[in-house]
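Hi,

Here's the structure I promised to pass along.

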Amino acid sequence: MLNDKDNFTQKGLLQRPDHADMRYKCRTYARLLQFIKSLDKSCMIPLRKAYCHSLNLLIRREAREYSNELRNSSKASKSSTPSFEGPAGANQPAGIADSPAEAYSKMITAFIPLLVDESLFLAHFMCFEVPTSDGSDSDEDSTPKTSGSSGSSAKPSNNSSADLGVLNECLQEMLDGIQEDFYAIVDWAFKLDPLSCIPMHGITDRYIAGQKTEVAGYVSVLLDDLESRITILFSRFVDDACFQVEKYERNVKQVGVVPYIPRFSQLAARMEQYITGSRDLV
(Lines give C-alpha, C1' and ligand atoms only; values in the text may rest on other atoms or scores of the structure.)
Protein backbone atom coordinates (compact mmCIF):
# COMPACT_ATOMS: atom_id res chain seq x y z
CA MET A 1 0.00 0.00 0.00
CA LEU A 2 2.87 2.38 0.75
CA ASN A 3 4.32 1.75 -2.69
CA ASP A 4 1.06 2.44 -4.54
CA LYS A 5 0.51 6.18 -4.93
CA ASP A 6 -3.14 5.56 -5.89
CA ASN A 7 -3.80 4.82 -2.22
CA PHE A 8 -2.94 8.38 -1.23
CA THR A 9 -4.27 11.88 -1.78
CA GLN A 10 -2.74 13.56 -4.81
CA LYS A 11 -2.82 17.12 -6.09
CA GLY A 12 -6.37 18.03 -6.94
CA LEU A 13 -7.79 14.74 -5.63
CA LEU A 14 -8.66 14.01 -2.01
CA GLN A 15 -8.30 10.27 -1.42
CA ARG A 16 -10.22 9.14 1.63
CA PRO A 17 -8.28 6.31 3.32
CA ASP A 18 -9.78 2.84 2.95
CA HIS A 19 -8.22 -0.12 4.75
CA ALA A 20 -11.05 -2.61 4.21
CA ASP A 21 -9.11 -4.76 1.73
CA MET A 22 -6.00 -4.75 3.94
CA ARG A 23 -8.02 -5.92 6.95
CA TYR A 24 -9.66 -8.62 4.88
CA LYS A 25 -6.25 -9.99 3.89
CA CYS A 26 -4.99 -9.75 7.47
CA ARG A 27 -7.85 -11.93 8.69
CA THR A 28 -6.28 -14.82 6.81
CA TYR A 29 -3.68 -14.95 9.60
CA ALA A 30 -6.04 -14.37 12.54
CA ARG A 31 -6.32 -18.03 13.53
CA LEU A 32 -2.56 -18.52 13.16
CA LEU A 33 -1.93 -15.65 15.57
CA GLN A 34 -4.29 -17.22 18.09
CA PHE A 35 -2.29 -20.47 17.94
CA ILE A 36 0.99 -18.57 18.33
CA LYS A 37 -0.33 -16.78 21.40
CA SER A 38 -1.49 -20.09 22.91
CA LEU A 39 1.93 -21.66 22.38
CA ASP A 40 4.12 -18.72 23.44
CA LYS A 41 2.74 -15.29 24.34
CA SER A 42 6.19 -13.71 24.12
CA CYS A 43 6.13 -14.25 20.35
CA MET A 44 3.32 -11.70 20.10
CA ILE A 45 5.53 -8.81 21.24
CA PRO A 46 7.64 -8.47 18.05
CA LEU A 47 4.62 -9.24 15.85
CA ARG A 48 2.58 -6.46 17.44
CA LYS A 49 5.51 -4.06 17.24
CA ALA A 50 6.05 -4.76 13.54
CA TYR A 51 2.35 -4.40 12.76
CA CYS A 52 2.01 -1.10 14.65
CA HIS A 53 5.16 0.35 13.09
CA SER A 54 4.03 -0.49 9.56
CA LEU A 55 0.51 0.83 10.10
CA ASN A 56 1.91 4.01 11.65
CA LEU A 57 3.90 4.70 8.48
CA LEU A 58 0.78 4.15 6.37
CA ILE A 59 -1.64 6.24 8.45
CA ARG A 60 0.80 9.11 8.93
CA ARG A 61 1.43 9.36 5.20
CA GLU A 62 -2.30 9.26 4.48
CA ALA A 63 -2.97 11.97 7.07
CA ARG A 64 -0.06 14.16 5.96
CA GLU A 65 -1.01 14.16 2.29
CA TYR A 66 -4.71 14.55 3.03
CA SER A 67 -4.04 17.49 5.35
CA ASN A 68 -1.69 19.16 2.88
CA GLU A 69 -4.16 18.86 0.02
CA LEU A 70 -7.01 20.22 2.16
CA ARG A 71 -5.00 23.35 2.88
CA ASN A 72 -3.59 23.73 -0.62
CA SER A 73 -6.92 23.27 -2.42
CA SER A 74 -9.10 25.29 -0.02
CA LYS A 75 -10.69 28.41 -1.41
CA ALA A 76 -10.69 29.96 2.05
CA SER A 77 -8.54 33.01 2.57
CA LYS A 78 -8.27 35.93 4.95
CA SER A 79 -10.41 37.96 2.58
CA SER A 80 -13.29 35.53 3.18
CA THR A 81 -13.64 36.86 6.73
CA PRO A 82 -15.87 39.95 6.63
CA SER A 83 -14.65 43.04 8.40
CA PHE A 84 -16.89 44.44 11.09
CA GLU A 85 -15.02 47.71 11.25
CA GLY A 86 -16.37 50.67 9.36
CA PRO A 87 -19.56 50.78 7.23
CA ALA A 88 -21.04 47.46 6.22
CA GLY A 89 -20.52 47.12 2.50
CA ALA A 90 -22.49 45.05 0.04
CA ASN A 91 -19.30 43.32 -1.05
CA GLN A 92 -18.73 41.76 2.37
CA PRO A 93 -19.82 38.10 2.37
CA ALA A 94 -22.08 36.99 5.20
CA GLY A 95 -21.86 33.25 4.58
CA ILE A 96 -19.20 30.77 5.62
CA ALA A 97 -19.40 28.38 2.67
CA ASP A 98 -15.63 28.47 2.25
CA SER A 99 -14.87 28.47 5.96
CA PRO A 100 -11.55 26.86 6.97
CA ALA A 101 -13.61 24.91 9.51
CA GLU A 102 -14.96 22.86 6.61
CA ALA A 103 -11.46 21.59 5.90
CA TYR A 104 -11.12 20.59 9.56
CA SER A 105 -14.51 18.86 9.39
CA LYS A 106 -13.36 16.83 6.37
CA MET A 107 -10.17 15.82 8.18
CA ILE A 108 -12.08 14.71 11.28
CA THR A 109 -14.75 12.90 9.27
CA ALA A 110 -12.19 11.03 7.20
CA PHE A 111 -9.76 9.96 9.93
CA ILE A 112 -11.47 9.66 13.33
CA PRO A 113 -13.72 6.74 12.28
CA LEU A 114 -10.70 5.16 10.57
CA LEU A 115 -8.57 5.44 13.72
CA VAL A 116 -11.35 3.97 15.86
CA ASP A 117 -11.80 1.04 13.48
CA GLU A 118 -8.05 0.42 13.31
CA SER A 119 -7.87 0.45 17.11
CA LEU A 120 -10.66 -2.12 17.37
CA PHE A 121 -9.14 -4.28 14.64
CA LEU A 122 -5.75 -4.22 16.33
CA ALA A 123 -7.34 -5.44 19.57
CA HIS A 124 -8.97 -8.38 17.75
CA PHE A 125 -6.27 -9.25 15.24
CA MET A 126 -3.39 -9.17 17.71
CA CYS A 127 -5.33 -11.23 20.26
CA PHE A 128 -5.68 -8.73 23.08
CA GLU A 129 -8.04 -9.96 25.77
CA VAL A 130 -9.98 -6.75 26.21
CA PRO A 131 -13.70 -5.94 25.94
CA THR A 132 -14.91 -4.66 22.59
CA SER A 133 -17.39 -1.88 21.98
CA ASP A 134 -20.31 -4.20 22.65
CA GLY A 135 -18.79 -5.70 25.79
CA SER A 136 -17.71 -8.96 24.16
CA ASP A 137 -14.12 -10.18 23.98
CA SER A 138 -14.74 -13.40 22.08
CA ASP A 139 -12.13 -14.53 19.56
CA GLU A 140 -14.72 -16.24 17.39
CA ASP A 141 -15.30 -13.15 15.28
CA SER A 142 -12.17 -11.33 14.14
CA THR A 143 -14.21 -8.53 12.58
CA PRO A 144 -14.15 -5.44 14.80
CA LYS A 145 -17.25 -3.39 15.39
CA THR A 146 -17.15 -0.04 13.64
CA SER A 147 -17.11 3.32 15.34
CA GLY A 148 -20.84 3.61 14.77
CA SER A 149 -21.66 0.67 17.01
CA SER A 150 -24.18 1.34 19.72
CA GLY A 151 -23.77 0.65 23.37
CA SER A 152 -20.94 1.35 25.78
CA SER A 153 -17.91 -0.76 26.50
CA ALA A 154 -17.84 -3.01 29.49
CA LYS A 155 -15.31 -2.32 32.19
CA PRO A 156 -12.27 -4.57 31.82
CA SER A 157 -11.95 -7.50 34.21
CA ASN A 158 -8.83 -8.06 36.30
CA ASN A 159 -7.58 -10.54 33.68
CA SER A 160 -7.93 -8.03 30.87
CA SER A 161 -6.57 -4.96 32.69
CA ALA A 162 -2.96 -5.85 31.94
CA ASP A 163 -3.77 -6.49 28.28
CA LEU A 164 -5.56 -3.15 28.11
CA GLY A 165 -2.39 -1.42 29.29
CA VAL A 166 -0.30 -3.19 26.66
CA LEU A 167 -2.93 -2.41 24.03
CA ASN A 168 -2.78 1.30 24.88
CA GLU A 169 1.00 1.23 24.41
CA CYS A 170 0.54 -0.41 21.00
CA LEU A 171 -2.12 2.11 20.03
CA GLN A 172 0.21 4.97 20.92
CA GLU A 173 2.92 3.42 18.76
CA MET A 174 0.47 2.86 15.91
CA LEU A 175 -1.03 6.36 15.93
CA ASP A 176 1.78 8.51 17.32
CA GLY A 177 2.59 11.50 15.12
CA ILE A 178 -0.78 11.76 13.37
CA GLN A 179 -1.79 14.51 15.80
CA GLU A 180 0.65 16.88 14.08
CA ASP A 181 -1.45 16.89 10.91
CA PHE A 182 -4.59 17.68 12.88
CA TYR A 183 -2.77 20.47 14.71
CA ALA A 184 -1.61 21.87 11.37
CA ILE A 185 -5.23 22.09 10.14
CA VAL A 186 -6.37 23.78 13.37
CA ASP A 187 -3.54 26.34 13.34
CA TRP A 188 -4.08 27.05 9.64
CA ALA A 189 -7.83 27.55 10.10
CA PHE A 190 -7.29 29.84 13.09
CA LYS A 191 -4.78 31.94 11.19
CA LEU A 192 -7.24 32.46 8.31
CA ASP A 193 -10.33 33.00 10.43
CA PRO A 194 -10.19 32.97 14.25
CA LEU A 195 -13.97 32.61 14.43
CA SER A 196 -13.64 29.19 12.79
CA CYS A 197 -12.64 27.95 16.26
CA ILE A 198 -16.35 27.95 17.13
CA PRO A 199 -17.51 25.36 14.58
CA MET A 200 -14.27 23.39 15.00
CA HIS A 201 -14.95 23.15 18.73
CA GLY A 202 -18.49 21.97 18.06
CA ILE A 203 -17.35 19.29 15.60
CA THR A 204 -14.72 18.01 18.03
CA ASP A 205 -17.14 17.99 20.95
CA ARG A 206 -19.64 15.89 18.99
CA TYR A 207 -17.00 13.28 18.18
CA ILE A 208 -15.86 13.21 21.82
CA ALA A 209 -19.44 12.54 22.89
CA GLY A 210 -19.66 9.72 20.37
CA GLN A 211 -16.65 7.76 21.69
CA LYS A 212 -18.02 4.68 23.48
CA THR A 213 -15.14 2.21 23.66
CA GLU A 214 -12.09 2.04 25.88
CA VAL A 215 -10.24 0.13 23.16
CA ALA A 216 -10.04 3.37 21.15
CA GLY A 217 -8.86 5.38 24.16
CA TYR A 218 -5.97 6.96 22.26
CA VAL A 219 -8.47 8.49 19.81
CA SER A 220 -10.29 10.10 22.73
CA VAL A 221 -6.97 11.54 23.94
CA LEU A 222 -6.38 13.00 20.46
CA LEU A 223 -9.84 14.59 20.41
CA ASP A 224 -9.37 16.03 23.91
CA ASP A 225 -6.04 17.54 22.85
CA LEU A 226 -7.64 19.08 19.77
CA GLU A 227 -10.46 20.56 21.83
CA SER A 228 -7.96 22.05 24.28
CA ARG A 229 -5.86 23.51 21.47
CA ILE A 230 -8.92 25.09 19.83
CA THR A 231 -10.10 26.55 23.14
CA ILE A 232 -6.66 28.03 23.90
CA LEU A 233 -6.42 29.62 20.44
CA PHE A 234 -9.91 31.07 20.70
CA SER A 235 -9.27 32.43 24.20
CA ARG A 236 -6.14 34.11 22.90
CA PHE A 237 -8.14 35.69 20.08
CA VAL A 238 -10.86 36.90 22.48
CA ASP A 239 -8.28 38.43 24.84
CA ASP A 240 -6.62 40.25 21.96
CA ALA A 241 -9.99 41.46 20.65
CA CYS A 242 -10.96 42.84 24.07
CA PHE A 243 -7.66 44.69 24.27
CA GLN A 244 -8.21 46.20 20.83
CA VAL A 245 -11.75 47.31 21.76
CA GLU A 246 -10.53 49.00 24.96
CA LYS A 247 -7.75 50.71 23.04
CA TYR A 248 -10.20 51.88 20.37
CA GLU A 249 -12.77 53.20 22.85
CA ARG A 250 -10.16 55.34 24.59
CA ASN A 251 -9.42 57.17 21.34
CA VAL A 252 -12.84 57.64 19.78
CA LYS A 253 -15.50 60.24 20.43
CA GLN A 254 -19.00 59.12 21.33
CA VAL A 255 -21.22 58.93 18.23
CA GLY A 256 -24.15 56.87 19.52
CA VAL A 257 -25.25 53.40 18.42
CA VAL A 258 -26.80 54.10 15.00
CA PRO A 259 -23.57 53.55 12.98
CA TYR A 260 -23.11 50.13 14.57
CA ILE A 261 -26.58 48.72 13.77
CA PRO A 262 -25.83 47.49 10.20
CA ARG A 263 -22.60 45.87 11.35
CA PHE A 264 -24.29 44.20 14.32
CA SER A 265 -26.89 42.66 12.04
CA GLN A 266 -24.14 41.20 9.87
CA LEU A 267 -22.24 39.90 12.89
CA ALA A 268 -25.39 38.34 14.37
CA ALA A 269 -26.18 36.54 11.11
CA ARG A 270 -22.68 35.14 10.89
CA MET A 271 -22.55 34.07 14.53
CA GLU A 272 -25.82 32.15 14.14
CA GLN A 273 -24.13 30.10 11.43
CA TYR A 274 -21.07 29.48 13.58
CA ILE A 275 -22.82 28.83 16.83
CA THR A 276 -24.61 25.58 15.93
CA GLY A 277 -23.46 22.94 18.36
CA SER A 278 -20.95 25.26 20.06
CA ARG A 279 -22.94 27.64 22.24
CA ASP A 280 -20.93 26.78 25.31
CA LEU A 281 -17.72 28.02 23.70
CA VAL A 282 -19.36 31.27 22.61
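A quick definition to start: buried means under 20% relative accessible area, exposed means over 50%, and partly exposed is in between (1.4 Å probe, protein chains only). Also, this is a predicted model, so local features need pLDDT of at least 70 and side-chain atom pairs count only at pLDDT 80 or more, while totals for chains, interfaces and linings use all residues. Residues are numbered from 1 along each chain as its sequence is written, and side-chain values use heavy atoms, with hydrogens and water left out.

On to the salt bridges (a side-chain nitrogen of Lys or Arg within 4 Å of a carboxyl oxygen of Asp or Glu). The whole structure has seven of them.

One of them pairs lysine 49 with glutamate 173, at 3.6 Å from N to O. Lysine 49 sits in helix α3 (residues 44-73) and glutamate 173 in helix α5, so the bridge ties together parts 124 residues apart in sequence. Helices here are DSSP runs (H or I, at least four residues), numbered from the N terminus. Glutamate 173 is partly exposed, at 29% relative accessible area.

Another joins arginine 229 to aspartate 187, 2.9 Å from N to O. Arginine 229 is partly exposed at 29%, as is aspartate 187 at 31%.

Then there's a network: Lys37, Glu129 and Asp163 are joined by salt bridges that share partners. Lysine 37 is buried, at 13%.

Cheers

How values were computed:
Helix = DSSP H or I, 4+ residues; strand = E, 2+ residues; numbered from the N terminus.
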